[in-house]
Amino acid sequence: MKQNSKLDYPFSKRPPDGGTIEVTPNIFWLRMPLPIALNHINLWLLEGDEGWTIIDSGMATKESKTIWNNIFTKSLKKKPVEEILITHMHLDHSGLAGWLANKWNIEPHFTEKEFLETVKINNGMNDDQQRIYLDYYKKCGYDEEAQLHFIERNKYRQSLVTNLESGFQELDDQQTVKLSNGLWQIIIAQGHSPSHACLFSEENNVFICGDVLLPRITPNVSVNPAYPDGNPLKDWLDSLENIKQKIPDDVLVLPSHGYPYKGAHLRIETILKNHHDKLNKIYENIDEPKTVVELFSVLFESQINKHNIVLAVGETMSHLNYLVAESKLSKSIDKNGLYSFSRT
Ligand SMILES: [Zn+2]
C-alpha cells in the first residue's frame, strides 16, 4: 500500500454509499459498499440521450441489489440501461453482471477471458481443479488450516457472483466501442487479471481504469495455480508501459477504488518502480535457497495469515517467476516438497 501525494485529486468529497456524483458531463460516479476488507468499489454510469451504460456491477449481495434498484427508480431520469460493460472477472466488478443482464435483457460487454473466468467462479471448482490448486498451494507452503480455508473461500466466492445466462459482446484490444455517451477505446491490461479492459475517451479525456491504475494501492499480480510457471508480472509491466503510450498525462483517471485523479504517467512510473524494488529485494534476500513463505517478511509489512495468504503467495510467486524467466533464479522442489528458489 502506497500513498502518492503528488497526484492531483480534483474531488475532495466522495458520493455516500449508494449515491452518485457527476464527475464530468454525462459520467456519474456510483459508490457501492463491499462486505470485504476493501470496503467499497466505484462504478461508473454513462448517460446518453436515449439511455445509460453501466461500467462494472458490484458484488452479488442483497445490499448491492437494493442500491441498484434504487438507482434504477430514482437516478436514470426514466431512461433505460442500454449497455453493461465489465472490466474484469474479480467479484466486486463482475458479481452482479448476470443479474443486471437479466434485468435489462442485455448481453454485457466482456473480454473473452474475463467472461469465461466469471462463469468458472459461478460454476465452482470440481474436485480435479481443486486438487491442482491445492497441490500448487502446498508447494508454496500452505499449512492445513490455510488449505481448509481455501476450500471454504471458494464456496463463499461462488455465492458472490450471479449466473451469467446470456452470451456476451466481446471486447478486443484497440477496439472502439460505442457506449451511451460516445466512443470509447478499449485498452487491455494483462497481469492483474487475464485480460482486463480499460476504457479511454479521447473526447472527454477520461480513462476508466478498473483496477489497473489505482491511486493508492498497487494492484495484486498473482500467478495462476493452473499455470504455475506463468510470468504474469512480465505481462503486467508491459501492459503498464503500453498504457503510458496510449493515454495523455492530464487524463482524468476514474479508478475502481479510491478517488478520481490526474497524474496517470506518474502513477504508472510509481507502480513500475514498486515492482522493480520488490524484484531487487527478493533477489538480494536469496543469498541461500528460500521457500515462498520465507520471503513474505521481505515483501509484506503485515502478518500473513489464512485470510491474506492467497494474495501473498500470488504476489511473491509472480516476482519469483519473473526472476526465473530472466534466468536470475532457478526453481526446484526441496526435500519437504516445497518450491525452493536459488540464484543461478
Ligand atoms: Zn481486480
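Q: What should I know about the numbering and the model before we start?
A: Residues are numbered from 1 along each chain as its sequence is written. The model is predicted, so local features need pLDDT of at least 70, side-chain atom pairs count only at pLDDT 80 or more, and totals for chains, interfaces and linings use all residues.

Q: OK, the open sheet. What's the strand order?
A: The order is E8-E9-E10-E11-E12, 5 strands with mixed pairing. Strands (E, at least two residues) and helices (H or I, at least four) are DSSP runs, numbered from the N terminus. Two strands pair if DSSP finds at least two bridges between them.

Q: Which ones are the edge strands?
A: Strand E8 (176-179) and strand E12 (252-255). Each pairs on one side only.

Q: How does E8 join E9, parallel or antiparallel?
A: Antiparallel, with 4 bridges. Leu-179 has Gly-182 in E9 as its bridge partner.

Q: And E10, is it buried or exposed?
A: Buried: 6 of the 6 residues of E10 (residues 196-201) are, so the strand is largely enclosed by the rest of the structure. Buried means that 20 or more other C-beta atoms lie within 10 Å of a residue's own; exposed means 12 or fewer, partly exposed is in between, and C-beta atoms are placed from the backbone.

Q: Which way do the E10 residues point?
A: His-196, Cys-198 and Phe-200 point one way. Ala-197, Leu-199 and Ser-201 point the other way. In a regular strand the side chains alternate between the two faces of the sheet.

Q: What pairs with E10?
A: E9 (residues 182-189) joins E10 through 5 bridges, running antiparallel. There, Gln-185 stands opposite Phe-200. E11 (residues 206-210) pairs with E10 over 3 bridges, also in the antiparallel sense. Leu-199 has Ile-208 as its partner in E11.

Q: What about the turns? Where is phi positive?
A: The hairpin of E9 and E10 has 6 residues between the strands, and Gly-191 takes a positive phi near 125° there. The hairpin of E10 and E11 has 4 residues between, and Asn-205 in the turn has a positive phi of about 50°.

Q: Switching topic. Where is Pro-219?
A: In the loop between E11 and H7. Pro-219 has 22 C-beta neighbours inside 10 Å, so it counts as buried. Pro-219 and Gly-191 are 28 residues apart in sequence, and 9.4 Å apart in space, C-alpha to C-alpha.

Q: What does Pro-219 touch?
A: His-192, Asp-211, Val-212 and Leu-214, not counting residues up to four places away in sequence. Contact means C-beta atoms, placed from the backbone, within 7 Å.

Q: Now helix H3. Which residues are buried?
A: Ala-97, Gly-98, Leu-100 and Ala-101, in H3 (residues 97-104). They cover an arc of only 165° around the axis, which puts them on the same side of H3. The arc is that of the directions from the helix axis to the C-beta atoms.

Q: What covers them?
A: The cover includes strand E4 (52-55), strand E5 (81-85), helix H2 (91-94) and helix H4 (112-123).

Q: Last one: which residues touch the most others in the largest nonpolar core?
A: Trp-44, Cys-198, Phe-207, Ile-208 and Val-253, out of 60 residues. A nonpolar core is a set of buried Ala, Val, Leu, Ile, Met, Phe, Trp, Tyr and Cys residues joined through C-beta atoms within 7 Å. Strand E3 (residues 40-47) gives the largest share, 5 residues.

Note on methods: Contact = placed C-beta atoms within 7 Å.
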